[in-house]
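Colleague: I would like to learn how to read this fold with you. Could you take me through it feature by feature?

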Amino acid sequence: MSAEATFPLPAPYGPRTATVRYHREGSGSPLLLLHGVGHHWQGWEPVLPALAEHHEVIAVDLPGFGSSPALPDGVPYDLATAVPTLAAFCAAVGIERPHVAGNSLGGLLALGLGRAGRARSVTALAPAGFWSEAERRYAFAVLAAMRLGADLLPQPAVERLARSAPGRALLVSSIYARPGRRSPQGAAAETRALREATGFAPTLEAGRRVRFTGDVAEVPVTIAWGTRDRVLLRRQGVRALRAIPAARLVRLPGCGHVPMSDDPALVSRVILDGCAAAA
């Protein structure tokens with residue numbers, strides 16, 4: 001089921017509101033899914049059936065991405081604003097302390113929710129914020145190049161490329177280790193989502209100052225990294241484990257930066273195991 005929620009922004013940005021569009025399916029304890037920069041909730045589609053067998057899954061388009069409108073003028077896209085905004089979204093849709101799984105930017109936000117006591121468990125797939133300055137510049141250059149490519153290619157050309165495995169490799173191989181496994185419709189749609197993401201530039205600007213510091217001590221944390229991640233190099237997982245020493249660090253063999261399509265069965269199991277740890 002697709003739906004939207006409009007809710008007041010937290011102080012000091014209220015009484016202005018934000019609108020978040022999301023997909024909801026399944027039953028059980030709630031599981032919130034958060035995508036990466038330039039992406040949309042449909043990136044989770046390969047793992048949704050397995051997750052929805054055990055949880056009520058809420059996959060969101062973050063503000064300024066996918067079909068969710070941008071935040072109001074003057075509201076920053078930084079971690080300090082995003083975490084209470086997501087907590088306000090959860091209250092608006094009637095979920096309290098969900099399990100949270102996130103990828104890249106979404107992984108960083110998931111850890112932020114865990115640290116704020118707003119999550120039952122956290123599973124972070126290649127989370128942002130554990131980079132060196134050189135690694136951050138490299139990752140942002142890759143993302144900027146992807147955005148430029150999406151801007152330059154008209155959508156009919158994108159859809160033609162997406163029909164073949166080599167064409168999908170051209171479009172999405174930066175984030176997938178196995179781009180041929182992404183559906184033609186999925187590859188075309190996420191290229192369009194990247195092009196139209198109004199939150200892309202302000203999120204990268206806010207990300208220049210991001211380093212995740214401090215522990216997440218009150219909830220079970222799983223950190224998982226693809227062995228073929230070309231955006232956030234997997235050695236950052238070791239840094240994440242130093243920052244959060246009680247976390248479980250999991251390798252995702254043969255997976256890229258967005259691992260849900262590369263190995264849906266493995267990623268589903270990692271997320272479900274992370275949720276089960278909270279029991």
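This is a predicted model: local features need pLDDT of at least 70, side-chain atom pairs count only at pLDDT 80 or more; totals for chains, interfaces and linings use all residues.

Colleague: In what order do the strands of the open sheet run?

Modeller: Strands (E, at least two residues) and helices (H or I, at least four) are DSSP runs, numbered from the N terminus, and two strands pair if DSSP finds at least two bridges between them. Here 8 strands follow the order β1-β2-β4-β3-β5-β6-β7-β8, with mixed pairing. β1 (2-8) and β8 (248-252) are the edge strands, each with a single partner, so one side of each has no neighbour in the sheet. From one strand to the next, the twist averages 25°.

Colleague: Which strands does helix α11 lie across?

Modeller: Angles run from 0 to 180 degrees between N-to-C directions, with axes fitted to C-alpha atoms, for helices over the stretch in contact. Helix α11 (residues 264-276) lies across β3, β4, β5, β6, β7 (221-226) and β8, at about 170° to β8.

Colleague: How do the axes of α4 and α8 cross?

Modeller: Under 35 degrees counts as roughly parallel, over 145 as roughly antiparallel, 65 to 115 as roughly perpendicular, and the rest as oblique. The axes of α4 (residues 133-152) and α8 (residues 200-207) come within 11 Å and cross at roughly 175°, which means that α4 is roughly antiparallel to α8.

Colleague: Is α3 enclosed or open, and what do its buried residues pack against?

Modeller: Buried means under 20% relative accessible area, exposed over 50%, and partly exposed in between (1.4 Å probe, protein chains only). In α3 (residues 105-115), 10 of the 11 residues are buried, so the helix is largely enclosed by the rest of the structure. Contact means heavy atoms within 4.5 Å; the buried residues pack against β3, α2, β5, β6, α8 and β7. Just after α3, Gly117 takes a positive phi of about 75°.

Colleague: And which side chain does Thr222 make a polar contact with?

Modeller: Thr222 lies in β7 and is buried, at 4% relative accessible area. A polar contact is a pair of N or O atoms within 3.5 Å; within protein, one must be able to donate a hydrogen and the other to accept it, and residues adjacent in sequence count only if both atoms are side-chain atoms. The partner of the Thr222 side chain is the side chain of Arg248 (3.3 Å).

Notes. Residues are numbered from 1 along each chain as its sequence is written. Side-chain values use heavy atoms; hydrogens and water are left out.
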